[in-house]
Amino acid sequence: MSYFPEVSKIEYEGSDSRNPLAFHHYNPSEIVAGKTMEEWLRFSVCYWHTFRGTGTDPFGAPTMQRPWEDGTNSVDMALKRVDVAFEFMEKLGAPFYCFHDRDVAPEGSSLRETNAILDKVVAKLKAEQERTGIKLLWGTANMFSNPRFMHGAATTCNADVFAYAAAQVKKAIEVTHELGGINYVFWGGREGYHNLYNTDMKRELDHLGRFMHLAHEYAESIGFTGQFLFEPKPKEPTKHQYDFDAAACLNFIRANGLEGVVKLNIETNHATLAGHTMMHELAYASMQDALGSIDANTGDLLLGWDTDQFPTDIYLTTQCMLVIMGQDGLAPGGVNFDAKVRRESFEPVDLFYAHIGGMDAFARGLKIAAKIREEGRLAQIVTDRYSSWDSGIGAKIEAGEASFADLEAYMLEKGEAAPNQSGRQELLENLINDCL
Ligand code: XUL
Ligand code: CO
């Protein structure tokens, strides 16, 4: 039984190919800057958008044609969907996938029943992973869809809901471990507030710190060594989300003694919702050794919400890869397409076009970033720009050998600072274009 009968294995055909069901740039075994493309890019398919997305938006009904769906959220449907997912991922040649507990299996009428259903689906996921060699990049728990989480999960005002969330994350870590998951993500969609009049922010954040320590202790106790990752997002669905951006997450991590325990999974559309570029968030996380993985997507310039489109902009993927190559890759993390086809692209084959486009865009970003790094002009310009710090007064300041009084004496003697050099922004933009 095939769910995508019109699609065979997607192969690399090179940049002259006009076959829309072939890679034009992503060639998994091709070596770029010392590693294969597959090693650099570590692509992952997300279960939620790709296999559970219906095309609904706040204004309209589902649009997606998914002939295999029977219109239910039954256990049988969940099991059948595993076949769909693995056929898709195998044909695409994606080495990894990610899921929320509730994407892969429906909830039962009690936590006990829900866990039993999850175990049943996980057994099938495990068999399919073994059959295909596809691995779990990360697992996570959906603690935002069920109405019980309306006030949050780890940051709820309802202690019972905190306990439920703890039980759910305990189980999600167990199944991630069972499936050999390499990372575990915490995205706190409802961990935040809508109104400060009714919110004890200090208490909520203390609870989140407690929750993370409990999660870490439990993971260690069962031998799960996968990397924990926070996924920053400033808002949506909550008005203010505590994991606002990389800086807010890192502050929380340090304030709660979670350094080394939690790194970051940076998502493009979340970065832009926070008023940052993706490159800013990546560079900020990377410079603090906290860039663990990325959710690759993009927003829309004219829509203000999290549209989670597939990334096709070569400048964006080049900027991502410049930072990722700067830290020698993302492993054990990867490039997860937390992206959905738009509701007008409703045919199953559109899922292939979307992923092929995203993978090709990242492959191009990788090759362009490699060229920029190999030419070395960009790095040279940055080195030159800071050369006043390499000797003389700059070197003394960096070495901690100059006090305010020393600096005053230096400048009184000199009378005026050395002239500034041009920032060369236009030249730098041209330099990037030279390598496209
Ligand atoms: C929501 C989002 C999530 C996380 C996992 O904006 O990005 O799907 O990636 O919970
Ligand atoms: Co995401």
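## Exercises: a helix pair and a pocket

Helices α3 and α12 cross in a right-handed way, meaning the near helix is turned clockwise from the far one by less than a right angle. Helices here are DSSP runs (H or I, at least four residues), numbered from the N terminus.

This is a predicted model, where local features need pLDDT of at least 70, side-chain atom pairs count only at pLDDT 80 or more, and totals for chains, interfaces and linings use all residues. Residues are numbered from 1 along each chain, chains are lettered from A and ligands numbered from 1 in written order, and side-chain values use heavy atoms, without hydrogens or water.

**Exercise 1.** Work out how the axes of α3 and α12 cross.

*Solution.* Start with the axes, lines fitted to C-alpha atoms over the stretch in contact, with angles from 0 to 180 degrees between N-to-C directions. Those of α3 (residues 75-92) and α12 (residues 348-375) come within 11 Å and cross at roughly 40°. So α3 is oblique to α12; oblique is what remains after under 35 degrees (roughly parallel), over 145 (roughly antiparallel) and 65 to 115 (roughly perpendicular).

**Exercise 2.** Find the residues where α3 and α12 meet.

*Solution.* Look for contacts (heavy atoms within 4.5 Å). From α3 come F88, K91 and L92, and they meet L351, F352, H355, I356 and M359 of α12. Next, sort them: six nonpolar, one polar and one charged. Ala, Val, Leu, Ile, Met, Phe, Trp, Tyr, Cys and Pro count as nonpolar, Asp, Glu, Lys and Arg as charged, and the others, Gly among them, as polar.

**Exercise 3.** Sort the lining of the largest pocket by class.

*Solution.* The tally is 15 nonpolar, 15 polar and 20 charged residues. Helix α2 gives the largest share, three residues.

Methods
Helix = DSSP H or I, 4+ residues; strand = E, 2+ residues; numbered from the N terminus.
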